[in-house]
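Open the model in your viewer and keep the selection tool ready.

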Amino acid sequence: DEISSSAALLYQEYDKTLRAYHGVDFDDLIRLPVKLFDEHPEVRERWQNKLRYLLVDEYQDTNRAQYRLLKLLAGVRGAFTAVGDDDQAIYAWRGADVENLRQLPVDYPRLKVIKLEQNYRSTTRILHAANTVIANNEKLFEKKLWSEHGAGEPVTVVACQTPEHEAESVVMKISAHKFEHRTHFKDYAILYRGNHQARLFEQQLRNHKIPYAISGGRSFFENAEIKDLCAYLRLIANEDDDLAFIRSITVPRRGIGPATIEALGHYAANRHISLFTAVFEEGAAEHVAARQLESLREFCHFINRIAHRAPREPAGQVINDMLKAINYEAWLYESCEPREAETKWSNVGDFTGWLGRKGEEDGKTLSDMIQTISLITMLDKDDEELDQVQLATLHASKGLEFKHVFLVGVEEGLLPHQSSIDEDKIEEERRLMYVGITRAQRSLTISYCERRKAGREVRTCDPSRFIDEMGAEGIRRNDRKSAEPVTKEDARARIANLRAMLGNKPGTIG
């Protein structure tokens, strides 16, 4: 069709540009070895003999290309272990194919299936809810999770009037529960189907001065403008860094395009030298046009001048002079929308300001600071070490666990998502619900909204079908008459907790 045809033409240009930059993307890390093994049996056999045993984790998330690579590496011996769970296959939207699990016993008749059914994370009531929901899906491998952690608290279902009410309710519950049980903020997680749901919860958490982190959120150092500056700094520190050279020479643009870089790259590869070194060799003139070569040499002389100043002058002064020389601010405003350019330039200011302050405080030059920047991601705060509530999409939460989980927005149209309902793809959404339930260790609260804004209109929401699919056992429905009333033991334990918390003796509360 027209879209596929356009994509094919675009791919040719994309692939050509990758080759020009001597780069591969993540898919190439699979595609190129598969191509190599298909076309060169002797190479395939060498690797099959070198890699005697293989372990594939999260096997349900593999795509068809990855399965082909596994088969080529495993060969006829098939000495591999695949660890996976068909009930957690939630990445079909990015190419994962659960059929890879179905195909394993077909392609490998000697396959031995070992079921790992004991769960070391959750209480029995939480697992029962998960097992009951997922039982509605077609099974590739039958299993039933069990735990030795005891029954635990009932899974609670709450109806909220609006998303605002839901956010307020969840944050109030976290505050009260933390106060009552002397827990930590990091014991709590708020999980949702889509990133757009996070904003209201962030507002309420800030209002109550509760620290929080968003799992899977992008690091400051992942911003393109910060990567641009880091490329310059890497090149100043090491002129043989070809990736830094390519990024720096092309941002801002200097009339140096993919064709010039490809020509220079071929010459440098034949000479076994870096792109930077190749620029100054006489032989480069035979491969690169005179005008482009002049621009390349001018850029390299500029880098050499900055590299000369870097170990001798204050870091802030050198980095600011460099930004002025390359007209980076003007380039941002030329290539981006005004608001986006303003944000990017503000980020640049934060970064260079930090460099300058840190240099002054520690008496370090730019050369010294570059060594720190090479480990810059280690300066990023480690969210797991900080005491803060975790916010995450269900996809981002996979593999994580939290003592107390609030699974929010569990409504028809959100979870399951409307597109999945329309396309009759409910099974993957059910697996997403299963993943959300099984993140919880000690308590699980599920909430939905009765009304939600859709543009200017307010629509009535129905609770997700998955809530009823959890059954009644071990479920406390606060959205209607409770399916399981509070036991005397639960009531006594709650009163005992309150007494202990307030330091009162028996008899003073009653």
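A residue is called buried under 20% relative accessible area, exposed over 50%, and partly exposed in between (1.4 Å probe, protein chains only). This is a predicted model, in which local features need pLDDT of at least 70, side-chain atom pairs count only at pLDDT 80 or more, and totals for chains, interfaces and linings use all residues. Residues are numbered from 1 along each chain as its sequence is written, and side-chain values use heavy atoms, with hydrogens and water left out.

**Ring pairs**

Select Phe, Tyr and Trp. The structure holds ten aromatic pairs. Rings (for Trp, the six-membered one) pair if their centres lie within 6.5 Å; planes under 30 degrees apart count as stacked, over 60 as edge-to-face, and the rest as tilted.

Go to Tyr232 and Phe299, an edge-to-face pair with 6.3 Å centre to centre and 70° between the planes. This pair joins distant parts of the chain, since Tyr232 is in helix H9 (residues 224–237) and Phe299 is in helix H13, 67 residues apart. Helices here are DSSP runs (H or I, at least four residues), numbered from the N terminus. Tyr232 and Phe299 are both buried.

Next, select Tyr328 and Trp331. Their ring centres are 5.7 Å apart and their planes are at 40°, so this pair is tilted. Both residues belong to helix H15 (residues 328–335) and are three residues apart, about one turn of the helix. Is each one buried or partly exposed? Tyr328 is buried, at 0% relative accessibility, and Trp331 is partly exposed, at 22%.

**Helix H13**

Select Ser295, in helix H13 (residues 290–309). Ser295 is partly exposed because its relative accessibility is 22%. Leaving aside residues up to four places away in sequence, Ser295 touches Arg254 and Ile256; contact means heavy atoms within 4.5 Å. Ser295 and Ile256 are 39 residues apart along the chain, and their C-alpha atoms are separated by 7.7 Å.

**Charges over rings**

A charge sits over a ring if NZ of Lys or CZ of Arg is within 6 Å of the ring centre and within 35 degrees of the ring normal. Select Arg77 and Tyr53: the charged end of Arg77 is over the Tyr53 ring, 5.6 Å from its centre. Then select Lys178, which lies over the face of Phe185 at 4.6 Å from the ring centre.

Note on methods
Helix = DSSP H or I, 4+ residues; strand = E, 2+ residues; numbered from the N terminus.
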